[in-house]
Structure formats: C-alpha cells, structure tokens
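I opened the model and went through it one topic at a time. These are my notes.

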Amino acid sequence: MWPKDVGIKAMEVYFPAQYVDQAELEQFDGVSAGKYTVGLGQSKMGFCNDREDINSLCLTVVHRLMDRHKIKPEDVGRLEVGTETIIDKSKSIKSVLMQLFEPHGCTDIEGADTTNACYGGTAALLNAVAWVESSAWDGRLALVVAADNAVYAAGSARPTGGAGAIAMVVGSGAPLVIDRGVRASCMKHAYDFYKPNLKSEYPVVDGQLSIRCYLNALDNCYQTYCKKVKNKHNRSTSLDSFDAVLFHSPYCKLVQKSLARLAFIDFLKRSREEVSKKYPELTKFYDIKLEDTYFDKEVEKAFLNVSKTDFQTKTQPSLMISSQVGNMYTPSVYTGLASLLISKSAKELAGSKVGIFSYGSGLCSTMYSLSITNDYAEGSDLMKLVSGLSYIKPDLEARQKISPTDYTKVLASREQNCHVVPFTPESSISNMFPGTYYLVHMDEKYRRTYKRV
C-alpha cells in the first residue's frame, strides 16, 4: 500500500541579514525611476558578503529546521540538496551537511546533490517523495534543501539577483500533500542561462531567449498537465481549478505575466461562439498562434487585465519573500509557497488546491499540484506548519540595509577573491541572525571551516 498523504510536513526559510534597496539601486545605476521596482516588481535584494557561501547557507537552514521542529538526526533517512551554486566539482554539499549527523552516529542517509539551474530543488523534492513511496522507505523522514547565491555581473541582469535557502521535511501524513498521478514536465536543450566559466560566480545570460524559454516551458507544462488530467480523471482544467498558483520567480513581474499567460491559454481552449459572447473585445486574439505571442505587448496587456483578480487572490500573496529578497534560484518557488502560507490563516488555507510551476534554465521544468489538508484545528499539523513560519516577516524587517556603493564593493571583493586560497573573510558577523553559519577560513587546500553565530 502507498504511504498516506506524502508531502511537506515542515519548512524553514533562511535569507542573509543584509539587503540593497532596489529604488536606491535604480539611482546608483543611473536608470529610470521604477525600472527595477515597477518594471521588475522588486523592492529589495538580499545578498551574501564574504562570510557566507552555499555551504553555510545550507548548514544554517538545515540546523535551524531541526532545532525549530525538534527533528533528531536519527529521524532522517534521506537528505538531498538542489542547487546551482557550485564551489566544488566533486564534493557534494550534502556531504558537508553530514557534519550535522555524523557526530550522532547517523551515516545511513541516502541522497546527494541535484543540479540544473533553478530546477534542482524541485528535482530533489520529487526524488524525496518517490523515496517515501518506494520499497526503500524505512519510515524515516526525508529532508530537501534548496539554496543558492544568485549574483550577476554589472549590467541589466544584476538587479534580478538574490540569495537564500529553504529546507523541507518530506514524509507521510503531511499537511501539504503532493498530488499523485498527474504532473507534467518540459525538458529541452537551450543556452538561455548557463555558467560555463568555473572561475566566476557569474552566469552567461541571453535575456530575451531566457524569457522565451520560460514562457514556452510554461505553455508546454500547462497544456500537458491539462491533457493528463483530462485523460486520467475526465475533467477539464483551468485557473478556476486552483485556489493558488505559484511560479518560479526570476522577478515578480514575470510571475504576473505568467499567470496572464495561463489565462490566455484558457481563453484559446474556449469555442469561438463562447469567446464571441463572453469576450467580444478579445475575439481578435482567437486565431493567434501561441508561440507567436511571447513578446506581443497587446496580448500581454489584454490578459494581464483579464487575469488581474486571479493574480491578486491566487498568486500575489506568494511573492512577498521574492519581492524583498530577490531571485533565490532553487528556493524561489518554495519561498513562494512559504509566502502563501503566512499570508492567510490556517482556516483560509485548509482544503486549498495549489498549482506549482518550477523552471530551471537550460532547461528543465515541471508543473504539479499539492493539496492542503482540511484539518486546521488548534494543534493540527497545518497549524504547526503555518505558525512555524511566523519568524519570516520579523526577520525580513530586521535586516540591515546596505548602500548600493557598499553592495557593489562586496560583489567586487567576491569577484576578486573567487577561488583565492588561503582566504580569510573580513566582513563582520555582528549583524548576522542567531544560528547562522559563517565562513571562518579557507586553507591552501581549499578546505573550508565554519562556525555558528
């Protein structure tokens, strides 16, 4: 028999304790006011100084998760990390995280790292669910970690950076159940965003191609998902099928356009007669080929208007963290889930169906859904999950604002010291959140030492 209600039982979100204000960055970069704040939909951007790296981000979020939810090392049977921030071509971040388990005699833990741009966290999550549903499952929990430090070279892409991590507990009897049976993926080969230079933290980005790939993957996943639901359950799917719809968020404005895209696809599925009666002002769009509309401003504007209410109710609540931290890469869509969970009461969330689209350049993408349990009583698993995220808003407010000048200096220093050994960071640890791991030193053999605030 399948384990019952396999899904997410607990979550922990971590972001660095400093940020740069996007409005101030607009002035610093000499661009028009609103280019980043309105055009991209971003208000603040978190970033790592020289004290934090991908290892420290993951150590922090996993240790905090286990402390907050009283998870013992012996309770964990699988641990998998999704990331595209690679600091070692061989040694996995999962192996670094074993420092939290090995002292307790716990080394029988499956899993390794999964990498494909922003998609690695979803691959890790689906692998964890598959493990719990497999003959290999021994009743223990799975931990899924998604973390990245997203930085760009100076230029138009820099304000779409961010940094952070999320850890999720996967097991049976979960309040967030990953729906079984139907999910859709789109996997293709593309050079829209990639990191071929192993001496640099910066990616190579083809901005227009990246948007085209993202929207094409979204189109494919949604259409395939709808077909699979029809074939398996003999029912149609539309935005009305979901109480919330979450997307990978490179920047918030693209998410709003993505929901409008789904509304456009729903529109094209209607009969001509229905369109003429219900949307007479939109009939001119009925015969347009979907693949010809990726940069069609008229179509975009029309369906942003059509989907405005759905966006405000079903998607905008998921963008709270993204708008204030930026694109965290692999954690992005899951911090969207965390944002949704803290935007409403457990009673409002109970019984909801959530559609999720995950995208990683290069490219990998998947659309699936999860169902939130109906039990929202005091002391229920859903109530514990939601209340366990109550620290997020205070932590966002407690961060230190760094000037664009100092932010630029931090990136220049990281660029200069990338792969330099031996190396000792110089940034202060006084502003870090309690429980944060930080880099102490990297010796001449590239071995990194960490301590915890």
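Cysteines. I took a disulfide to be a pair of cysteine sulfur atoms within 2.5 Å. I was working on a predicted model. By that rule I counted 0 disulfides. I looked up Cys 58 and found that its nearest cysteine sulfur, in Cys 48, is 11 Å away. Cys 58 is buried, because its relative accessibility is 0%.

Helix 5. I looked up residues 207-233, which make up this helix of 27 residues. From its first C-alpha to its last, helix 5 reaches 38 Å, close to the 39 Å expected at 1.5 Å a residue. Just past the end of helix 5 I noted Asn 234, with a positive phi of about 55°.

Helix 8. I began at the start of this helix, where a side-chain oxygen of Asp 296 comes to within 3.0 Å of the backbone nitrogen of Glu 298. Helix 8 covers residues 297-306. Which of its residues are buried? I found Val 299, Ala 302, Phe 303 and Leu 304 to be buried. I noted that residues three or four places apart in an α-helix point the same way, because there are 3.6 residues a turn. Last, I looked up what covers the buried residues of helix 8, and the cover includes helix 6 (252-268) and helix 9 (308-315).

Methods. Residues numbered from 1 in each chain as written. Predicted model: local features only at pLDDT ≥ 70, side-chain atom pairs only at ≥ 80, totals over all residues. Heavy atoms only, no water. Buried < 20%, exposed > 50% of the residue type's maximum accessible area, 1.4 Å probe, protein only. Helix = DSSP H or I, 4+ residues; strand = E, 2+ residues; numbered from the N terminus. Contact = heavy atoms within 4.5 Å. Polar contact = N/O pair within 3.5 Å; in protein donor to acceptor, adjacent residues only side chain to side chain. Expected span 1.5 Å × (residues − 1).
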